[in-house]
Each structure stands twice: as C-alpha cells, then as structure tokens.
Amino acid sequence: MADRYQQFTSSALGRQVVKRLGLPAPTPLRRHRPGDPVVAGPVLLGGAPGSRLGDAIEAVTKDVQAQVHRTPAEGERYAALVFDATGIRSSEQLHELFEFFGPTIRQTDRCGRVIVLGTPPENIADRRESAAQRALEGFVRSAGKELKRGATAQLVYVAEGAEGALASTLRFLLSAKSAYVSAQVVRIGPAEIPDVDWEKPLQGKVALVTGASRGIGEAIAETLARDGAHVVCLDVPAQGGELAAVANRIDGSTLQLDITADDAPRRIAEHFAQRHDGLDVVVHNAGITRDKTIGRMSRQQWDAVLAVNLTSQERIDEVLLADGSPLRPGGRIIGVSSMSGIAGNVGQGNYSASKAGVIGHVQAFAPLAAERGATINAVAPGFIETRMTAAIPLFVREAGRRMNSMSQGGQPVDVAETIAWYANPASAGVNGNVVRVCGQSLLGA
Ligand code: NAD
C-alpha cells in the first residue's frame with residue numbers, strides 16, 4: 001500500500017515533477033510472498049584473506065539455490081553483495097572492504113542487499129583488530145545511505161563458534177522480508193540450531209501476541225500464523241469484536257485481558273499452562289501514547305504509558321523466566337520498542353522513557369533468557385503506516401515518512417517479519433539484540 005505521494009511519484013507526470021524539483025522518489029519495496037525465492041537474482045560473494053565464514057555463507061546460498069558469483073561480471077545486476085570481513089585484523093586491512101565494494105556497489109539491483117559480516121569487536125582482545133571490526137559499522141551505515149532504489153545494507157557480527165548459527169539471519173537479511181530494515185547491526189552468538197522447515201518454522205508452536213486486534217499486532221499475529229504457529233491474540237475487552245475477527249481469520253484463539261491488571265502475569269501463565277500445555281513465543285506489542293511536553297504532562301499521562309509499555313512487560317517476563325513457567329525450552333520473548341526510545345521525541349517524554357526501558361529490559365534479561373535456553377530481543381519501529389501514525393498532523397506525518405533512506409513509511413508487516421525472524425527456532429544465537437525497522441531513519445542514527 002503506497003502513500004499518496006508515492007503513488008504520484010510512480011506516475012509519468014510525477015516522475016517528471018520529482019526529477020525537475022529534485023524531490024525524493026520512493027521506490028516501491030519488494031515484499032515477501034509465499035513461494036518467492038529467498039534471493040531474486042545472482043549473489044556476489046567476497047571476503048578478506050583469512051576470513052572464517054566462507055563455508056557458513058556458502059551453505060546458505062546453496063540452500064536457497066542462489067546463483068553465486070565470485071568475481072564480478074561486467075554489466076551484471078546483483079540481488080546481493082555479501083562480504084566476509086572477519087579476516088580484517090587492522091585498519092590497514094580495511095582496504096579489502098573498499099576494494100570489494102568500490103567497483104561493485106553500483107551493480108546492486110533494485111531492492112538489493114549489501115551484507116557485511118564481522119566479529120563482535122567487544123569479543124576481540126587485540127585492540128587494533130577490535131577497532132578495525134568496529135569500523136565496519138560506519139562503512140555499512142554510509143553504504144545504506146548511498147544505496148538507492150530500495151536497497152539495504154547490514155552488518156552481522158558473528159562470534160567465534162557461532163558460524164553454524166548464521167542461517168536464519170542471513171536468509172532474513174537477504175530476503176524481501178527485511179524490506180524496511182536497513183543499516184542495522186545484528187549480533188549472533190554460539191547456539192545449538194535445530195533443523196527447521198523454512199516455510200513453516202513455527203509449526204507446532206504456540207505464540208502470544210499482545211495488542212493483536214489491529215495495526216502492527218494484527219500483522220504480527222498473521223505472520224506468526226503463516227509460519228505455522230497457533231496464535232493466542234490478546235487485547236483489552238473493549239477490542240473484543242476486532243480481536244475475535246483477527247483470531248478467526250488465522251485459526252487462532254483470543255485472550256481478553258488488560259495487561260496492566262495486577263493478576264495479568266498469573267492469568268497469562270495459567271492460560272498457557274492449562275489450555276496449551278506451554279508457550280513458545282511471546283510478543284509484547286500492546287502500547288499506547290499520551291503525548292504532551294514534559295512541563296505540561298499530567299501524572300496520569302505519565303503513569304498510563306509507563307504501565308502499559310514497560311512495567312506490564314517486566315512483570316509478565318519475570319513470571320515467564322521464573323521456575324515453573326509455561327515458557328518451553330527454546331522460548332522466544334520479543335519486545336516492541338520504538339525509534340522514539342532511541343532518538344527521543346517532542347511531546348513523548350513518557351513514551352520515549354518507556355520504549356528506551358524496553359531496550360534496557362531486553363538487554364538486562366538476555367543472560368537469564370540464555371540460561372533458560374530462551375532468547376529475548378526487541379524491534380524498534382520507525383514510521384509505520386497505522387492508525388496511530390494516520391492521526392499525526394499532516395506536516396509532521398510527511399516529515400516522519402520521508403526522513404529515512406527509503407523516503408517512505410514502513411508497513412506493519414515489516415515489523416512482523418522481523419519479529420518472525422527472532423521467533424524462528426533457528427535464531428537461537430540471536431539474543432539481546434535491538435533491530436530498528438525504520439528504513440534507516442535519519443533520527444537517532
Ligand atoms: P495501535 O494503537 O493500533 O494498537 C495497539 C493495541 O494495543 C490496541 O489494539 C490496544 O487495544 C492494545 N492495548 C493497549 N493497551 C492495552 C492493555 N492495557 N492491555 C492489552 N492491550 C492493550 O498501535 P500500533 O501502531 O499497531 O502499535 C503497536 C506497537 O508498536 C506499540 O507498542 C507501539 O508503541 C509500537 N510502535 C508503533 C509505531 C508506529 O509507527 N505505528 C512506531 C513505533 C512503535
């Protein structure tokens with residue numbers, strides 16, 4: 001669903017006007033449809049001498065039946081350029097990166113992918129190697145800003161020993177499922193990876209999605225159901241009608257509950273223990289705004305936002321990660337933060353505090369989740385086209401839509417696909433991450 005400006009720029013007249021005035025011309029992003037191949041064209045692979053991820057990358061490109069090139073062919077358009085930079089051990093060796101991308105980056109196709117892989121700098125004892133690995137981040141963020149026509153750039157830090165945990169992340173970043181994710185840094189740690197059916201990775205799993213009656217929550221419920229999960233759709237009783245419609249459409253079930261109620265964590269735990277014999281995926285999506293500048297905000301506005309967006313998630317997760325919890329081994333907890341929690345926003349002191357708190361919560365709980373064989377991660381959406389953002393005054397709304405490398409807002413499904421990647425059993429090595437779904441927003445970059 002393109003916004004009106006985007007529709008205009010796709011017309012013959014619109015294209016002329018945009019060119020004359022130098023206005024942004026958002027490219028319609030390619031999004032995943034069931035049955036689509038993971039990569040839509042040839043993939044160019046490269047690597048610095050002494051890199052260690054060649055086999056892991058090759059296993060994925062083979063598995064997705066990608067046509068692989070190791071030397072650039074003149075005039076070819078590449079669906080993806082993938083560079084293994086783990087062999088770079090000093091700033092002098094960073095030229096390897098430049099030498100690979102310099103001649104080839106302009107051969108990236110429409111909605112193509114640039115992916116650089118490295119070693120987490122914080123894991124490296126050698127100071128010069130650590131700095132060189134950290135340097136990859138600046139390169140990738142600049143590449144994201146230079147790439148045009150819906151292409152994205154990402155950096156994946158793969159810890160030593162985590163080579164076998166790469167597949168779910170590489171597939172996600174190569175595919176159209178990551179359409180609105182760009183300039184992100186993902187960290188992968190060592191983990192046991194089960195075999196998965198990539199078409200239905202959540203078959204036999206039970207998922208909870210809060211705030212599932214509309215907007216982003218509805219898209220998350222649909223996407224997890226597409227991947228095979230039975231989804232329990234939770235929302236407040238006032239949303240009961242819309243909630244039932246979503247649950248019926250995806251063959252899921254409903255749980256009407258206010259997540260801020262004192263007994264909400266206990267009721268959730270009991271519901272899954274008794275009705276489903278356990279729980280595999282929890283998505284804390286329910287959220288509210290009560291915008292006012294800090295000096296004019298009421299205590300009620302502060303309290304309501306913190307209670308729904310942060311405290312309820314903390315209370316529920318404390319129960320889910322405690323002994324006797326219905327969360328099964330391999331459990332996945334996913335928080336929904338926001339770009340406001342990273343960059344701050346006028347009139348959103350309460351909301352930004354709550355959403356930064358979600359990031360802090362995920363990072364603080366990641367070690368405990370790992371001990372329990374689970375993971376906890378967050379997404380931070382930027383401007384997503386929903387009822388929430390449709391209510392923003394026109395001028396602010398237009399600024400929000402255009403101030404990112406894609407010059408457009410994202411769709412609820414873009415957030416949902418990122419959550420589905422975290423939820424995948426093969427993403428066991430992805431823990432404590434925060435990935436922005438913001439088209440590389442210029443704010444908080
Ligand atoms: P939305 O208002 O359309 O949906 C939120 C849902 O949460 C509603 O169905 C609501 O009834 C439910 N909810 C609210 N309080 C609840 C409670 N106490 N108990 C149970 N359910 C409750 O919002 P959306 O735009 O779909 O946003 C979903 C999430 O994404 C929110 O956490 C929001 O902060 C976040 N987010 C949205 C955007 C965006 O651009 N739309 C950007 C960044 C982050």
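The tour goes from the domains to a pocket, then to some helices, a cavity and a few single residues.

**Stop 1: the two domains**

Keep in mind that this is a predicted model. Colour residues 4-27 + 42-188 as domain 1 and 206-437 as domain 2, which is how the protein chain is divided. Their C-alpha centres lie 28 Å apart. If you show the contacts across the boundary, you'll pick up 24 residues of domain 1 meeting 24 residues of domain 2.

**Stop 2: the second largest pocket**

To centre your view, select Arg187, Gly429, Asn431, Gly432 and Asn433, the closest to the pocket's centre among the 39 residues that line it.

Strand 6 gives the most, with 4 residues. Colour the lining by class and you get 19 nonpolar, 11 polar and 9 charged residues.

**Stop 3: helix 5**

At 1.5 Å a residue, its 20 residues should span 28 Å, and the end C-alpha atoms are 30 Å apart, which agrees. Now show side chains for the buried residues: Glu129, Ser130, Ala132, Gln133, Leu136, Glu137, Val140, Ala143 and Gly144. As a reminder for reading that pattern, an α-helix has 3.6 residues a turn, so residues three or four places apart point the same way. Among the elements covering the buried residues of helix 5 are helix 4 (95-101), strand 4 (108-118), strand 5 (152-158) and strand 6.

**Stop 4: two positive phi values**

Most residues other than glycine have a negative phi. Select Arg149, in the loop between helix 5 and strand 5. Arg149 has a positive phi of about 55 degrees although it isn't a glycine. With 39% relative accessibility, Arg149 counts as partly exposed.

Then jump to Ala183, in the loop between helix 6 and strand 6. Ala183 is not a glycine either, yet its phi is positive at about 60 degrees. Is Ala183 buried or exposed? At 2% relative accessibility, Ala183 counts as buried.

**Stop 5: Leu170**

Go to helix 6 (residues 167-174) and pick Leu170. Leu170 is buried, with a relative accessible area of 1%. Leave out residues up to four places away in sequence, and Leu170 touches Ile57, Val60 and Ile115.

**Stop 6: helix 7**

Over in residues 215-226 is helix 7, whose 12 residues should span 16 Å at 1.5 Å a residue; the end C-alpha atoms are 17 Å apart, which agrees. Show Ile216, Gly217, Ala219, Ile220, Ala221, Thr223, Leu224 and Ala225, the buried residues of this helix. Their cover includes strand 7 (206-210), strand 8 (230-235), helix 8 (240-249), strand 10 and helix 15 (412-423). Just after helix 7, click on Gly228, where phi is positive at about 110 degrees.

**Stop 7**

Now select His284 in strand 10. His284 is buried, with a relative accessible area of 7%. Its contacts, leaving aside neighbours within four places in sequence, are Thr210, Gln313, Ile316, Asp317, Ile333, Ile334, Gly335 and Val336.

How many cavities of 30 Å³ or more does the structure hold? There is 1. The largest cavity has about 50 Å³ of space. To outline it, select Thr210, Ile259, His284, Asn285, Ala286, Val308, Asn309, Ser312, Gln313, Val336, Lys355 and Val358. Helix 10 (299-320) and helix 12 are the elements that give two or more residues to this lining. Helix 10 gives the most, with 4 residues. By class, the lining of the largest cavity has 5 nonpolar, 6 polar and 1 charged residues.

Technical notes
Residues are numbered from 1 along each chain as its sequence is written. This is a predicted model: local features need pLDDT of at least 70, side-chain atom pairs count only at pLDDT 80 or more; totals for chains, interfaces and linings use all residues. Side-chain values use heavy atoms; hydrogens and water are left out. On a 1 Å grid over the protein atoms alone, a cavity is a set of points where a 1.4 Å probe fits but cannot get out, and a pocket is an open set with protein on both sides within 12 Å along at least five of seven lines; lining residues have an atom within 4 Å of a point. Ala, Val, Leu, Ile, Met, Phe, Trp, Tyr, Cys and Pro count as nonpolar, Asp, Glu, Lys and Arg as charged, and the others, Gly among them, as polar. The expected span of a helix is 1.5 Å times one less than its number of residues. Buried means under 20% relative accessible area, exposed over 50%, partly exposed in between (1.4 Å probe, protein chains only). Contact means heavy atoms within 4.5 Å. Domain bounds come from an automatic or database domain assignment. Grid points are joined across faces, edges and corners, and a volume is the space filled by probe spheres set on the points.
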